[in-house]
Amino acid sequence: TRSLLILDDIWDSWVLKAFDNQCQVLITSRDRSVTDAVAGNKYEVHVESGLAHEKGLEILSLFVNMKISELPEQANCLVRECKGSPLVISLIGALLRDFPSRWEYYLKQLQNKQFKRIRKSSSYDYEALDEAMSISVEQLNDNYKDYYKDLSILPKDVKVPTKVLCILWDMETEEVEDILQEFVNKSLLFCDRNGKSFHYYLHDLQLDFLTEKNRNQLQELHKNIVNQYKKHYKLNTPVQSQEDCMYWYNFLAYHMAGANMQKELRDLMFSLDWIKAKTELVGPAHLIHEYVEYSSILDQKDSAVRENFQEFLSLNGHLLGRQPFPDIIQLGLCQPETSEVYQRAKLQAQRETGMFYLEWINKKSLKNLYRLVVRPHRDAVYHACFSKDRQRIASCGADKTLQVFKTESGERLLEISAHDDEILCCAFSADGEFVATCSADKKVKIWNSRTGQCRWVYEEHSEQVNCCQFNNRSGQYLLATCSNDTFIKLWDLKKKYCRNTMIGHENSVNHCRFSPNDDYVASCSTDGTVKLWEARSANELKSIEIKDFFRNADEQPDDVEVLVKCCSWSRNGDMILVVAKNKLLLFDVKTCDLLSQVVISHHSTIQYCDFCPGDELVAVALSHCSVELWNIKSLSKVAYCRGHMSWVHCVTFSPDGSLFLTSSDDQTIRV
């Protein structure tokens with residue numbers, strides 16, 4: 001408690017979160033929302049963004065090694081022209097250190113505004129910076145100007161190891177460091193001394209200046225760095241022990257795309273060796289993102305090849321990114337024979353000597369329904385759901401974490417150690433702002449879905465909380481939860497305590513859901529009933545005895561207890577689908593009449609079900625590792641989805657009905 005941790009220039013909340021160790025923290029930032037990710041009292045001190053006039057003079061005096069009182073009269077005007085920007089004052093100071101008699105000359109240059117930016121940014125006054133940068137670059141000799149121009153294509157916010165520039169300029173390390181030190185001395189570049197090696201980077205505003213100045217040559221500059229890479233590595237790929245390795249795996253495709261090198265980009269992105277090496281180092285999400293990002297270049301001849309590789313990585317990335325690493329050629333041979341991945345794997349397998357590969361002769365030619373397989377958890381995944389816009393997925397499970405990741409690529413956006421025991425359910429609010437979690441630790445928690453900040457904790461249930469569901473309307477935050485304590489509770493996020501408690505079940509309540517118009521809540525219980533409640537008053541409206549629909553050979557009610565697992569409303573709210581044992585039962589909400597029933601399987605129980613928003617399809621998760629899609633009108637099975645290696649706990653459709661996801665004991669989520 002007696003320590004003060006100082007974090008300067010924080011732009012992302014995850015940085016602050018990484019240092020959240022319960023001591024006092026002083027941070028500087030341009031974005032006040034970065035503190036949303038952590039708890040504790042916050043005190044804000046507004047700081048002027050520019051330097052005070054006296055401070056500007058002091059910095060200039062240090063550059064030219066004079067006392068403030070000895071500075072010429074132009075110094076005051078220069079500091080005013082710099083508009084309080086430390087970066088601009090540093091650039092001018094570095095110039096004056098080399099040419100101490102040019103005070104008047106640099107003042108006029110700044111006032112002349114020679115450099116004209118094509119696109120003005122409203123968030124920053126570029127004029128002073130552009131003039132200072134322009135003057136500084138003009139002072140360089142011609143060779144150095146060319147070297148500095150080469151830096152125009154560096155990615156933003158990336159510290160580049162010396163070795164990358166050694167390859168770009170085909171020089172020894174010492175020569176490159178000498179050139180770069182010249183730029184550092186002139187405040188044109190910054191250096192981060194990371195142990196033995198040096199890493200260099202440009203300020204965002206300097207990079208903006210360079211890309212603006214050289215915008216017509218960027219394609220050639222990207223082409224140059226790719227050609228230098230190819231000359232250096234020939235047909236090899238960088239290995240992990242080399243300091244430049246991570247740079248190329250992260251940005252080689254970016255440079256090829258910037259150079260519009262279609263053939264080279266296709267060769268790289270469709271190489272099994274590159275996919276294997278990159279995925280083992282950084283996981284599959286970045287590569288999947290690149291397939292999407294550069295699709296316009298990759299698809300110029302035909303989109304099928306890119307789609308084959310994107311699908312292959314989406315479905316197998318969770319295997320490739322984990323030790324023990326599988327053989328990618330054997331994985332490729334398991335693809336459909338029409339797939340370009342299979343064709344390339346077969347060619348490589350035939351070329352490999354001394355290796356043993358299996359060719360499957362009974363491969364199914366059926367179209368694969370899977371779009372993505374991810375493995376974000378270290379234990380069973382109990383629940384997963386889509387955000388309303390379908391862009392994100394939240395998941396939770398036995399490892400006590402809440403995860404949020406991108407639907408498209410599986411890229412992780414949030415990982416939160418959320419509870420002290422297994423998390424049994426999670427749910428997005430209708431506007432996607434919040435995620436609710438509930439756990440065997442008896443708590444319900446509400447999280448900011450972007451920053452991971454815990455906003456509310458509810459502790460009114462006395463047993464484990466099995467399910468949490470938000471209402472469907474945006475603008476009003478209502479949450480329903482149900483528990484082994486036999487109660488369903490309604491929470492209004494604007495209030496501190498539970499708004500209503502619904503009392504009526506005689507045993508654990510396993511599941512609850514709002515009706516599409518939010519007027520009712522349905523609940524399913526181990527007591528063998530489904531109950532409908534009025535959301536506003538919390539009064540019980542109807543109760544359906546599900547046990548009555550299970551009879552033995554003598555037409556007597558079954559003695560075994562009927563555990564009602566879950567329910568799902570039709571889109572118009574007229575029907576409700578109920579799951580118990582191995583049966584799907586569809587009821588009319590008004591009359592409580594049974595409309596139809598389906599016995600799904602004699603060998604496994606149904607774990608979960610969900611109505612597709614189109615009302616005809618129902619997805620059913622089964623204990624024997626599979627998922628089935630049924631047409632509830634014709635009572636026919638339309639798809640059988642295998643792939644999970646253990647119990648499937650959950651199946652959920654996206655709000656538009658185009659995708660569904662499943663989560664399983666095997667630690668994976670499949671989309």
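Reply: Rolling a probe the size of a water molecule over the atoms shows where empty space is left. In this predicted model, the largest cavity is lined by Leu154, Pro155, Lys156, Asp157, Val158, Tyr201, Leu202 and Leu207. By class, that lining has 6 nonpolar and 2 charged residues, with no polar ones.

Me: What volume does the largest cavity have, and how many cavities of 30 Å³ or more does the structure hold?

Reply: The volume of the largest cavity is about 40 Å³. As for the count, the structure holds 1 cavity of 30 Å³ or more.

Me: On to helices, then. How do I read a packed pair?

Reply: Two packed helices are described by the angle between their axes and the distance between the axes. Take helix H8 (residues 162–169) and helix H11 (residues 218–233): their axes come within 8 Å and cross at roughly 95°. That makes H8 roughly perpendicular to H11, since angles of 65 to 115 degrees count that way.

Me: Which residues in H8 and H11 meet?

Reply: From H8 you have Lys163, Ile167 and Leu168, and they meet Asn224, Ile225, Gln228, Tyr229, His232 and Tyr233 in H11. Sorted by class, the residues of this H8 and H11 contact come out as 5 nonpolar, 3 polar and 1 charged.

Me: Now a loop. Where does Lys443 lie, and what is it in contact with?

Reply: Look between strand E12 (434–439) and strand E13 (444–448): Lys443 lies in that loop. Leaving aside neighbours within four places in sequence, Lys443 is in contact with His419, Asp420, Thr437, Cys438, Val457, Tyr458, Glu459 and Val465.

Me: Last one: what does the domain assignment give for the protein chain?

Reply: The assignment gives domain 1 (1–45), domain 2 (53–139), domain 3 (286–363), domain 4 (384–456) and domain 5 (460–599). For spacing, the C-alpha centres of domain 3 and domain 5 lie 45 Å apart.

Conventions. Residues are numbered from 1 along each chain as its sequence is written. This is a predicted model: local features need pLDDT of at least 70, side-chain atom pairs count only at pLDDT 80 or more; totals for chains, interfaces and linings use all residues. Side-chain values use heavy atoms; hydrogens and water are left out. Axes are lines fitted to C-alpha atoms, for helices over the stretch in contact, and angles run from 0 to 180 degrees between N-to-C directions. Helices (H or I, at least four residues) and strands (E, at least two) are DSSP runs, numbered from the N terminus. Angles under 35 degrees count as roughly parallel, over 145 as roughly antiparallel, 65 to 115 as roughly perpendicular and the rest as oblique. Contact means heavy atoms within 4.5 Å. Ala, Val, Leu, Ile, Met, Phe, Trp, Tyr, Cys and Pro count as nonpolar, Asp, Glu, Lys and Arg as charged, and the others, Gly among them, as polar. On a 1 Å grid over the protein atoms alone, a cavity is a set of points where a 1.4 Å probe fits but cannot get out, and a pocket is an open set with protein on both sides within 12 Å along at least five of seven lines; lining residues have an atom within 4 Å of a point. Grid points are joined across faces, edges and corners, and a volume is the space filled by probe spheres set on the points. Domain bounds come from an automatic or database domain assignment.
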